[in-house]
Amino acid sequence: MAVKWVHGGLVGTWFLMLMTGLFVSVGSEEGTVLEYNRTQQAPWRVHTLFSVECDNYFDWQTVGLMNSYRRSGHPGPITRLLSCTDEQLQKYKGMDLAPTHSVPSMSRHPVTNDWYPAINKPAGVVHWLNHSQDVKNVDWVVILDADMIIRRPIIPWELGVEKGKPVAAYYGYLIGCDNILAQLHTKHPEYCDKVGGLLVFHIDDLRALAPLWLSKTEEVRRDRAHWETNITGDIFGQGWISEMYGYSFGAADVGLRHKISDDLMIYPGYVPLEGTEPILLHYGLSFTVGNWSFDKAEHHDDDIVYDCNRLFPPPPYPKEVQIMEPDLNKRRGLFLSIECVNTINEGLMIHHESHGCSKPFRSRYLDFLKRTFSSSMIRIKNGRMQNATKQLPTPGLGRTYYPKIHTLFSTECSAYFDWQTVGFVHSFHLSGQPGQVTRLLSCTDEKLKTYTGHDLAPTHYVPSMSHHPLTGDWYPAINKPAAVYHWLNHASIDAEFVIILDADMIMRGPITPWEFRAERGHPVSANYEYLIGCDNELAQIHTRHPEACDKVGGVIIMHIDDLRTLAPFWLHKTEEVRADRAHWATKITGDIYGQGWISEMYGYSFGAAEVCKLMLKSVDVDF
């Protein structure tokens, strides 16, 4: 059965026909009907689904996904599962964005009243299977998320999909497959696969799975006793990924064994595996190229689809990417990042033109989208779209630029720290470290009056806590977490990642989150093996999660959101460990002086363990 898209405007019809060559035009009293000209025969009939809701956030994602669907040459019809309340549907203005199957919204559960929009995905699939006539003409189903870009056709038989053996992308953070969560919610925990994102099945398998996918989602969502991060892997610990477990547990119950791939899909911002060419981009996380960045969460209420000729801020051009990154594979990752947003913007440009927007003012970027992007990023070979970006070496490349990094180091108002500051700042400039550097200068009012080293570094001034204002304890090291906390609350910060170093360090090269694979929720730090308190009663006393205590310090590479979460715990735990004089002994702390001097370091490790979502990676960073 052909899928039809009712479209209101002849200009849009002809523009889309010229751009894609994928439609034939059929007259209609309601407007122009675009019919997908993708004939299929059993047993090779493919149908693609994606789930959305009635709001601006999903509308611009729909435009991007649909544009990539047209450009990629992906086979078969595509259907948007649109979950809306009756009230939302009456006001909704995006019905022509994609072929649509309307589904009653379950964002607010009709029985439990629980607010959980992610349940609309399995609910929408169940509704489509039970109410759509298209199901009669399907052999294989591809299920995607709206925040994806299709780069090449997704061909089930080419991926090795078989009846009983779907193909899916690997989601390693679904740790609940290995613990009590699976034991509670599936009869076959041994079959629980950590998968999601891209799902490709035989239609018979989807029929068997879908009701269980929905019921298991409800079941896991109700199980509040097991929402903790250390059980689910959900960094928020709020049951947000219940739907993903609903899928894995439902699949285990019906005996599906996935063929799992970790190279079919990639998050923009990640470096692709060498020798692989992802067929899907999943922009679920923020990503950066040079000083430019994109985060879908910043556009949650963005009506860009209905705002004529407005596009998302353009990313760097390919020639700029060639200059900024000498490593070929990392550069390939940057090309994927700009391809993602350029595909969305191209879809918006087409949509605006097809909906009667006035002709936009000519710009370099629009010319690029209309010409360069279409020809250089994608080429057609044997009827399929392929990536055609050339990755050329960049001889004579100097400094490499990375986006939104801020480096911090903590000092006090003394000659001792001043000469260290001079050495550190000099090495910062020689190293090519990207972004800004700030000295966190902790001083009393009295010392600040006579201090003469204000010009030694860009400085954020912090009240000294060397003498604790409540206990009177003399412990200058507490100034480090106290200063970081003060900077977060009082400085104007434009950074995605923060590098925290000590003043008595010399930088020999750039320290970047991408080189050391730091991510949101996954800071990176250096190994400090002498922090033996992580393995004994010290951790048991001072953190609820001693098993999460990592022996790290020195160099800290952390996403700004994680630092905001951690900082108050870092300070509080430092005070707590410092006050615990009964456990200062060297055999407990590893402190050779046995005087609690490294309480601040334990404050950091115990604080990170306490917030749990910060799963620290330790690496050897050579200075």
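The model is predicted, so local features need pLDDT of at least 70 and side-chain atom pairs count only at pLDDT 80 or more, while totals for chains, interfaces and linings use all residues. Residues are numbered from 1 along each chain as its sequence is written, and side-chain values use heavy atoms, with hydrogens and water left out.

Trainee: What is the volume of the second largest pocket?

Mentor: A pocket is an open set of points on a 1 Å grid, where a 1.4 Å probe fits, with protein on both sides within 12 Å along at least five of seven lines. A volume is the space filled by probe spheres set on the points, which are joined across faces, edges and corners. For the second largest pocket this gives about 600 Å³.

Trainee: Which element gives the largest share of the lining of the second largest pocket?

Mentor: Lining residues have an atom within 4 Å of a point, and this pocket has 25 of them, with F417, A477, D502, D504 and E600 nearest its centre. Helices (H or I, at least four residues) and strands (E, at least two) are DSSP runs numbered from the N terminus. Those that supply at least two lining residues include α12 (415–431), α18 (599–611) and β23 (552–559). The largest share, 4 residues, comes from β23.

Trainee: How many residues in the lining of the second largest pocket are charged?

Mentor: Asp, Glu, Lys and Arg count as charged, Ala, Val, Leu, Ile, Met, Phe, Trp, Tyr, Cys and Pro as nonpolar, and the others, Gly among them, as polar. The lining has 14 nonpolar and 6 polar residues, and the number of charged ones is 5.

Trainee: Are α6 and α8 parallel or oblique to each other?

Mentor: Axes are lines fitted to C-alpha atoms over the stretch in contact, and angles run from 0 to 180 degrees between N-to-C directions. Angles under 35 degrees count as roughly parallel, over 145 as roughly antiparallel, 65 to 115 as roughly perpendicular and the rest as oblique. Helix α6 (residues 203–222) and helix α8 (residues 242–253) pack at about 130°, with axes 7 Å apart. The two helices are therefore oblique.

Trainee: How is α2 placed relative to α10?

Mentor: Helix α2 (residues 56–72) packs on helix α10 (residues 328–354) at an angle of about 95°, their axes being 8 Å apart. Contact means heavy atoms within 4.5 Å, and W60 and R71 are among the α2 residues that meet α10. The angle makes α2 to α10 roughly perpendicular.
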